[in-house]
Amino acid sequence: MSVEMELRAAACRLLEEGTVDLFIGWERGSLPASAVPVFITDPADADRLVFDITCGTNPAVYFTKDHRQFDGKRVGLALKGCDSRAMVQNIMEKQVEREKVVMIGVPCRGVLDRRRVALAADGREVLELSDLGDAVRLSGRGFDVEAPREAILADSCLACAHPDASVADLFLGAPGGMEDAGERRLRRVREYEALSPAERWERTVLEYGKCIRCYACRNVCPSCYCEVCFVDQNDPRWIGGTCEITDTLIFHLIRNLHVAGRCVECGACARACPAGVDLLLLNRKVAIEVLERFGEEAGMEIGAKPIMADFREDEKQEFIMG
Amino acid sequence: MSEWNPRILAILCNWCSYAGADLAGVSRIQYPPSIRVVRVPCSGRVDPLFILKSLQSGFDGVLVSGCHPGDCHYISGNYVARRRFAVLKPLLDFIGIEPDRVQFSWISAGEGERFAQVVSKVTEDIRRLGPAKRLVKKT
Amino acid sequence: MLDRTALGRFISVLAGSYDVHAPVTACDGSFEYAPVRTAEGLDGTRTVTGLSPKGIFFPKDEVLFQYDGDGIRSGEASCRPIAVWGMRGCDARSLALLDRVFGSAVQKPGEERFQDPYWKARYDGAVIFGAVCVKPLSTCFCNWFGGSPSSTEGMDVQVTDLGDAFLLAPVTPEGEELLGRMDMLTQAADTDLDASREVAHRAGAMMSPPFSLEGLDRRLPELFHDPAWAGIAAPCVNCGACTFACPTCHCFDVQDEGRNGRGRRLRVWDSCMFSSFTLEASGHNPRARSLERVRQRVMHKFSYFPANYGERLCTGCGRCVAVCPVGFDIRKVLRGLGAPRDLKKD
């Protein structure tokens with residue numbers, strides 16, 4: 001039985017038995033080669049569930065938006081590795097009650113990035129996409145091409161260190177994974193670090209200069225759930241609302257610092273960005289620093305202490321005079 | 001270049017570093033008049049926004065100083081601060097902000113001489129870099 | 001007619017008197033409007049840019065005025081006139097809709113309305129070279145709003161790409177006058193006109209049939225409390241991407257910055273999707289829930305704006321559908337709301 005069929009059966013059973021009141025998964029979207037979140041209450045609707053390379057959205061975000069929207073309900077959900085880590089992180093931060101959720105882990109081999117798909121099709125609109133394993137087939141009006149799978153996977157997935165759920169009540173299928181993920185994760189960061197400070201600044205300005213301050217990155221992030229975000233505070237006002245690079249960079253730097261040790265690098269931010277900014281550049285740098293210095297990663301264990309609220313008495317402090 | 005003097009924001013924790021700065025003053029120890037001091041109860045109070053906003057406002061550099069690990073008046077404030085700084089500093093470096101612009105130190109209440117030395121070192125580092133341009137906001 | 005090989009010259013001559021903008025494919029594959037002085041990177045094969053051209057006339061951030069010890073200076077752009085090459089019909093029409101809000105068109109005869117000088121400074125003297133769409137996307141639904149791949153509303157000149165040459169058809173007197181000043185153009189032959197009609201016809205045939213929104217603007221207020229909204233709004237995370245990509249969305253925030261006797265007032269894009277959009281000084285928020293904000297977006301575009309301006313605030317460009325990270329599809333929503341109601345959950 002495919003994972004998709006196992007998932008439908010599991011969701012149907014959970015709803016029928018009344019173990020959950022609501023099941024969140026993915027269903028076919030109206031756009032070609034897309035999947036969208038679906039909220040199921042009727043066991044008969046479990047057949048709408050799908051799981052494949054198009055299932056990019058992180059359902060954990062629904063637990064921290066519109067606070068308390070699931071109060072009183074038991075919710076089942078299908079979770080890729082990154083999604084489950086985001087749930088664990090939110091449970092750790094007491095935004096979600098563990099007993100109120102039934103987490104079903106699904107094995108992930110990466111999800112697509114629609115910009116990469118467009119690039120692989122030379123800018124032509126892809127109307128059909130088939131996952132052939134190591135390659136994908138893209139077809140549209142007047143064209144039919146094959147591309148390596150990696151050419152269309154999201155940036156986050158190519159460097160994914162945790163494709164499978166860190167915590168799950170039930171795990172379906174065989175573990176997923178990405179070859180050389182750990183190496184790839186480091187490589188992008190090290191490549192950037194090898195540039196001179198002036199070059200790094202220039203590239204940063206060019207990349208983040210594309211930002212239009214729409215805050216889609218913040219809003220799709222499961223870890224960004226402050227009732228009043230620091231950019232919206234105006235007494236005092238911390239940062240300006242312009243797209244001048246100084247304001248834009250301060251937004252992204254501080255957002256990254258606010259999710260330091262909490263970001264699971266799911267890539268939802270980068271995929272949501274309407275301007276195509278390479279947002280994971282900074283997220284990944286922070287995540288690697290956290291791992292190297294403190295030996296921990298976000299969302300791995302429910303009982304763990306939030307990383308930035310924790311400390312060891314002896315830690316690397318080479319940058320501090322003292 | 002000799003006309004220009006760096007303007008550095010020094011965020012000092014009340015119990016150790018600020019007291020150390022006081023001691024330097026009372027002992028008439030000379031050091032460059034480049035710092036403007038902001039006193040905080042603890043280095044753990046320091047929000048990265050303070051540092052970034054200072055650079056945005058036109059400060060040429062920022063020095064953040066607190067108690068030595070183990071000596072924090074609030075027991076663990078500086079430990080948590082240390083983690084925060086440990087993530088902020090490499091991130092600033094990563095985007096191309098000169099590393100010497102933002103510096104950190106642990107200075108105790110009895111280290112007046114050392115306070116002066118740290119300020120002199122930081123001032124010289126920033127003088128060499130020149131006025132800060134990269135994150136400065138127009139108005 | 002403009003020979004393809006002469007396009008570069010055309011653009012650079014235009015750039016002599018205008019600030020020219022056009023959709024450009026960048027090396028990272030992105031397709032967005034950018035200032036141009038030559039034909040390099042101009043791409044007529046891709047239909048819709050990621051972000052709309054509204055930012056050329058209604059910038060995402062602009063200085064309204066600034067002040068210092070010497071007084072107040074207005075931020076009104078005393079810029080060169082703007083020319084845009086390659087604008088699609090949906091986008092050209094959306095600018096005409098924005099002009100109803102910000103600019104010249106009066107609502108009703110005899111009613112004076114404030115005219116936004118910042119908008120007028122950019123839009124009034126602008127020349128829009130529109131482009132006939134050769135390949136509509138599956139996300140295109142301009143025909144729901146009376147548009148088509150060859151619509152001309154909002155354009156000064158309509159351009160059809162015929163392969164080795166472009167057919168330039170004047171739409172307004174300004175367009176006609178400008179074409180008269182360009183010496184590299186030749187007269188179009190009947191065969192060229194036939195070919196351009198063929199292009200338009202072929203493109204039109206690729207569009208899916210429109211869904212009729214007849215009467216929806218009056219019915220929507222009756223559906224304000226309809227249980228369907230819960231299902232409609234469920235996937236939305238209020239990220240705001242749709243409003244920023246949309247060519248007709250025009251909500252803005254005014255922010256003041258200042259210290260030590262100098263400062264400025266800014267206008268920046270805002271979004272009804274943001275939780276703070278209707279947050280009041282008292283702390284009360286009439287649209288605190290996601291559902292309320294999603295409903296508001298649909299109501300504004302398809303009910304309130306039509307009531308105020310007689311037009312729907314949408315031109316069917318499809319960007320909101322393409323950019324939404326959770327696949328919210330306004331077409332699906334409108335079909336559902338427009339269908340006969342039977343109160344069963346959908």
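In strand S2 of chain A, A:Pro37 is the bridge partner of A:Trp26. The two strands concerned, S1 (residues 22-28) of chain A and S2(A), pair in the antiparallel sense over six bridges; pairing requires that DSSP find at least two bridges between two strands. Helices (H or I, at least four residues) and strands (E, at least two) are DSSP runs, numbered from the N terminus. Six residues lie between the strands of this hairpin, where A:Ala33 takes a positive phi near 50 degrees. Strand S2 (residues 35-40) of chain A is mostly covered, with five of its six residues buried. A residue counts as buried if 20 or more other C-beta atoms lie within 10 Å of its own, as exposed if 12 or fewer do, and as partly exposed in between, the C-beta atoms being placed from the backbone.

The structure is a predicted model, in which local features need pLDDT of at least 70 and side-chain atom pairs count only at pLDDT 80 or more, whereas totals for chains, interfaces and linings use all residues. Residues are numbered from 1 along each chain as its sequence is written, and chains are lettered from A and ligands numbered from 1 in the order in which they are written. The model scores ipTM 0.95 and pTM 0.93. Chain C averages a pLDDT (the predictor's confidence in each residue, from 0 to 100) of 90, and 95% of its residues score at least 70. Over residues 342-346 of chain C the pLDDT is below 50, and this stretch has five contacts in the model beyond near neighbours in sequence. Two residues are in contact if their C-beta atoms, placed from the backbone, lie within 7 Å. Where pLDDT is low, the predicted coordinates should not be read in detail.

Strand S6 (residues 135-140) of chain A is joined to S7(A) by six bridges, and A:Arg137 stands opposite A:Glu146 in S7(A).

Parallel pairing is found in an open sheet of five strands, ordered S9(A)-S4(B)-S3(B)-S1(B)-S2(B). Its edge strands are S9 (320-321) of chain A and S2 (35-40) of chain B, each pairing on one side only. Strands S1 (residues 8-13) and S3 (residues 61-66) of chain B run parallel and are joined by five bridges, with B:Ala10 opposite B:Leu63 in S3(B). Helix H2 (residues 48-57) of chain B packs on the sheet and touches S1, S3 and strand S4 (102-106) of chain B; the direction of the helix makes about 155 degrees with that of S3(B).

The largest nonpolar core has 182 residues, and A:Val117, A:Val220 and C:Ala241 have the most contacts inside it. Such a core is a set of buried Ala, Val, Leu, Ile, Met, Phe, Trp, Tyr and Cys residues joined through C-beta atoms within 7 Å. Helix H3 (residues 77-94) of chain B contributes the largest share of this core, eight residues.

Definitions and conventions:
Axes are lines fitted to C-alpha atoms, for helices over the stretch in contact, and angles run from 0 to 180 degrees between N-to-C directions.
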